[in-house]
Amino acid sequence: MREVSMKRALIVLGLLALGLALAQKPKVVIGTGSTGGVFFYYGTALADIWNKAGVVEAQPVQTGGSYDNLLLLRDRTDPRAGTYYCALTTTDSAYVAFTGEEPRFKAKPAKDQRVLFYMYPSFIHLVTSEKSGIKVVQDLKGKRVSTGQPGSSTENLALLLLQAAGVKPESFAKRERLPVAEAAKALSEGTLDAFFWVGGLPTGSIVELSQSLARKGDRIYLVPIDPKSTTAQVALKRFPGLLDTTVVPKSVYNTRTDVPGLNTGNVLVCPESLPKEVAYGMMKATFENLQTLRSAVAAARDTSVANTAKLFGRFIVPFHPGAEEYLKEVGAIR
């Protein structure tokens, strides 16, 4: 009799353990970006939405941006431990990480990344002040310039534009490699003449810089990139279909005029190993709480099912099956 009771107790304990294991939510770590940039705020808002919806245990982490995030996704995801690293990334970074064209992914491309949804376009900012005298990219020669954090999407695109414009970083009086908040602070304090930044509109650090310069009797100046220029054409050919021409309205940063330039897209990618039902739940929670996301991050005005559907079938990185199921369910794709 005692033996039967013991067996029953073990069965009950086993079922309880199984129930606890099933109830344990997958942990999703979201690689974001540096403070002051849109990725950081977007990722933090996403984690809050997913946690409140109860679909995953989400945790945003501050990083150097797209490439750091894709390396985390590739190297730190551990399905056996129920831990998955998702990445906020520019489309150009996702592209070269997937193909292995980016040196850090040459030996081991990030082939396991899968798209969940399109976030928003990022403007390739070249920021200076009116008093700097910098009007075109070539004027950076002899100036103190930051090209973005080492190995970031900002730095890669900055170097691409500089090469297209015939400007070598060696021609700068000083080259810095700063995150956006530090670069904006340095420019405001007069220890930097210009900086590159790839980010959503508006980027908080640059809004603050505009206000700071105005208080000092100066004005922010975004160096324009004419769509017909060699600089723009070289960049557009390097990433066909991923970069696009755009215009930043003067109201965004209180510039004197509207500014022509280039955009790259941003997407959320997660590992292929993320369970399909979990990815579906993350999609559903995001799009059912879009207003919350848009209230937290202005750039999320471009996060939509329609914009996500436009990317489906056109991007080298495949969509996650859970995302695909959600898009079909809402009638965005067939």
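Is Met119 buried or exposed? At 0% relative accessibility, Met119 counts as buried. Buried means under 20% relative accessible area, exposed means over 50%, and partly exposed lies in between, with a 1.4 Å probe and protein chains only.

This is a predicted model, in which local features need pLDDT of at least 70, side-chain atom pairs count only at pLDDT 80 or more, and totals for chains, interfaces and linings use all residues. Residues are numbered from 1 along each chain as its sequence is written, and side-chain values use heavy atoms, with hydrogens and water left out.

- Met119 sits in strand β4, which covers residues 113-129. Helices (H or I, at least four residues) and strands (E, at least two) are DSSP runs, numbered from the N terminus.
- Contact means heavy atoms within 4.5 Å. Leaving out residues up to four places away in sequence, Met119 touches Phe39, Tyr42, Leu88, Thr89, Asn266, Val267, Leu268, Ala299, Asp302 and Thr303.
- Leu159 is 40 residues from Met119 along the chain. Their C-alpha atoms are separated by 24 Å.

**Strand β10 and its partners**

- Strand β10 spans residues 259-271. It is mostly covered, with 12 of its 13 residues buried.
- Two strands pair if DSSP finds at least two bridges between them.
- β4 pairs with β10 in the antiparallel sense, over 8 bridges. Here Arg114 has Cys270 as its bridge partner in β10.
- β9 (residues 243-248) also runs antiparallel to β10, and 6 bridges join them. Val248 stands opposite Val259 of β10.
- β3 and β10 form an antiparallel pair too, over 4 bridges. Thr89 faces Val267 in β10 as its opposite residue.

**The disulfide**

- A disulfide is a covalent bond between the sulfur atoms of two cysteines. The cut-off used here is a pair of cysteine sulfur atoms within 2.5 Å.
- How many disulfides does a search of the whole structure find? The search finds 1.
- Cys86 and Cys270 form this disulfide, with their sulfur atoms 2.1 Å apart.
- Cys86 lies in strand β3 (residues 83-90) and Cys270 in strand β10, so the pair ties together parts that are 184 residues apart in sequence.
- Why is the disulfide of Cys86 and Cys270 right-handed? The torsion about its S-S bond is about 115 degrees, so the disulfide is right-handed.
- Both ends are covered: Cys86 is buried, and so is Cys270.
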